[in-house]
Amino acid sequence: MVPPTNSAHLFSSNTAPKPVEVASVRQSLDHLITARHQLRAQVVALEADIFEHLVVLSPVRRIPAEIWGEIFKNVFPDHMTLKDIRNLTRICLVCKQWNDAARLTHRLWSRMSLRLSHEERTVYLPPFSKVDAWLKRSGAVPRSLKVDARDVYAPVHCRTSGTPRCSLPKALFVQLLTEGPALDELIVACSTARCFYNLLDLVKNKIKTPNTCAWDGLRSLTLSFSYNRTWNDSRVQAHSIFQGILPTSITSLHLHLPCGYMGFRNISRTRELKLLIPKALLERLTSFTIGCNWAGTQIIDAVQHCTNVEHLTIDFGMDFKGWPEDDPRIQELLLAGIPLLRLRTLRLSNGRPPAAELLKYLRAPSLVALDIVGGDPAFICALAIPLRSFIYDQSKCDSTLHHLSIEGAAVQYYEDLQILLQALPSIKHLVCRSLIFRGFQKQYRGIFETLTSPGLLPHLETLKVLDASCDYVDLEFLSAFRRTRWQAARDENGQGTLRSVAVTYQHGQDPISHCYRLKSENEGWTEWKGAAVDIGFSYQALGWDRRFKHR
């Protein structure tokens with residue numbers, strides 16, 4: 001603004017203003033302050049308009065509903081608990097776009113978990129209408145219901161007549177199985193077998209028309225019982241939990257039995273127990289899991305009838321002592337063998353040396369993958385000889401068995417792992433995850449030292465060392481492993497088979513310097529007979545991921 005004409009000389013000198021000039025300048029200042037406030041208000045309004053325009057143009061608004069659905073799926077667990085359901089409801093209230101995205105993502109609504117203690121069943125048990133409406137939003141996606149109502153520390157008395165305090169919320173559960181939407185998978189964890197039998201009895205009495213309720217189309221059934229409870233299934237076949245009402249559509253059965261030591265006080269009491277699983281049910285299965293450390297022949301008795309099984313998991317529970325040698329059936333099966341002609345994946349969990357004897361009974365000519373999970377430190381070494389006989393003599397599956405995964409297993413010495421791998425020359429894909437060396441060798445130093453042995457795994461194509469500690473990835477042995485492979489390829493005048501090596505670190509590790517050193521150490525991989533080798537080093541620390549790659 002131009003200064004007042006009668007006071008212009010005051011702005012270019014130090015002359016003191018007269019009273020009349022003071023009033024004139026003050027009036028001019030008031031006009032300037034007013035104008036400034038008006039301009040600031042206009043700037044604020046313009047900034048608000050600019051922000052609204054930027055919001056309209058934000059890429060977030062253009063994210064497709066399918067992407068939002070994938071984000072929501074990664075936020076929530078596989079099975080939605082009651083707490084997760086409340087959180088998803090809040091997400092749906094944020095805006096119409098999020099609500100539509102969640103409703104279109106049927107996978108969010110297809111898997112529900114009711115994990116209920118005794119107190120929760122009496123106070124927080126949801127009504128059937130809400131659970132039913134939730135599952136029906138899944139559309140055509142296969143539905144899964146998980147109910148975990150084990151009261152491990154509370155006394156539970158489930159008898160044939162009356163259940164003064166059964167661990168299952170039967171009113172809601174029975175209504176879901178008979179009147180709810182069709183289920184593809186049912187996972188039940190209860191205290192005792194009698195709890196589940198009483199449930200089956202109620203379901204049977206409520207079914208009015210066969211093949212019309214949620215229970216009838218069940219494909220997968222998982223049953224878990226409290227590890228410290230006695231097995232109280234009826235010894236009369238007609239009253240067993242495996243008889244009668246179980247749907248004939250079941251092709252996947254996962255059974256986790258009570259611990260033979262915790263539930264029976266004396267493991268010898270389990271020797272004569274029988275699992276009265278119908279032969280017809282076992283013959284239909286394509287996937288079978290059994291967790292059992294009992295002293296009898298329950299595992300072999302069940303597995304011998306799984307003629308169509310493709311995926312077999314046996315969890316020995318770390319306490320398995322072996323099968324009774326004086327049982328005549330054991331000797332008969334040892335001679336005849338158990339033919340599993342369609343078996344493709346065999347998973348052995350928490351084994352001890354006696355568990356390796358299982359391989360002497362099996363015949364699996366189509367086996368593709370072998371997984372070893374957990375177990376006693378001596379289990380790895382004990383597997384070597386029976387495994388080699390199983391592959392080359394009994395099953396003759398060396399042309400198909402190409403995948404080996406060892407996860408969370410304890411190894412006494414790296415030589416034990418070496419002995420095991422020497423028995424598996426046909427392996428092309430090896431995964432070592434969270435291995436623990438109990439001897440003097442450090443955890444992951446022994447892995448690469450083992451693999452430097454000449455002639456070990458000659459057809460290896462991919463190697464993954466996962467969940468490693470950066471302190472135990474020895475650069476010297478990794479480089480030696482590379483040189484060994486390189487030299488073997490040169491000696492054979494051919495191209496090396498190895499195509500990929502990956503190392504990932506445990507959560508909280510900071511292997512940045514190690515990654516750069518490994519990268520520089522292994523630049524020679526790319527010059528190896530033109531092989532497209534991809535070495536990746538990834539880690540999770542401070543909430544972000546980073547990868548180091550080169551080809």
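Predicted model: local features only at pLDDT ≥ 70, side-chain atom pairs only at ≥ 80, totals over all residues.

Visitor: How many helices and strands does the chain have?
Guide: There are 16 helices and 19 strands. Of the 551 residues, 48% are buried.

Visitor: Let's look at α3. Which of its residues are buried?
Guide: Helix α3 covers residues 82-92, and its buried residues are Leu-82, Asp-84, Ile-85, Leu-88, Ile-91 and Cys-92. Down the axis of α3 they fall within an arc of 165°, so they line one face of the helix.

Visitor: What do they pack against?
Guide: The buried residues of α3 pack against α2, α4, β1 and α6. On the other side of α3, Lys-83 and Arg-90 are exposed.

Visitor: New topic. How many salt bridges are in the whole structure?
Guide: The search finds 13. One of them joins the side chains of Arg-107 and Asp-78, at 2.6 Å from N to O. Arg-107 sits in the loop between α4 and β1, and Asp-78 in the loop between α2 and α3, so the pair ties together parts 29 residues apart in sequence.

Visitor: Which residues are linked with those two in a network?
Guide: Arg-111 and Glu-185 join Asp-78 and Arg-107 in a network of salt bridges.

Visitor: And Asp-132, buried or exposed?
Guide: Asp-132 counts as buried, at 10% relative accessibility. Its side chain meets that of Lys-136 in a salt bridge, 3.1 Å from N to O. Both lie in α6, four residues apart, about one turn of the helix.

How values were computed: Residues numbered from 1 in each chain as written. Heavy atoms only, no water. Helix = DSSP H or I, 4+ residues; strand = E, 2+ residues; numbered from the N terminus. Buried < 20%, exposed > 50% of the residue type's maximum accessible area, 1.4 Å probe, protein only. Arc of directions from axis to C-beta. Contact = heavy atoms within 4.5 Å. Salt bridge = Lys/Arg side-chain N within 4 Å of Asp/Glu carboxyl O.
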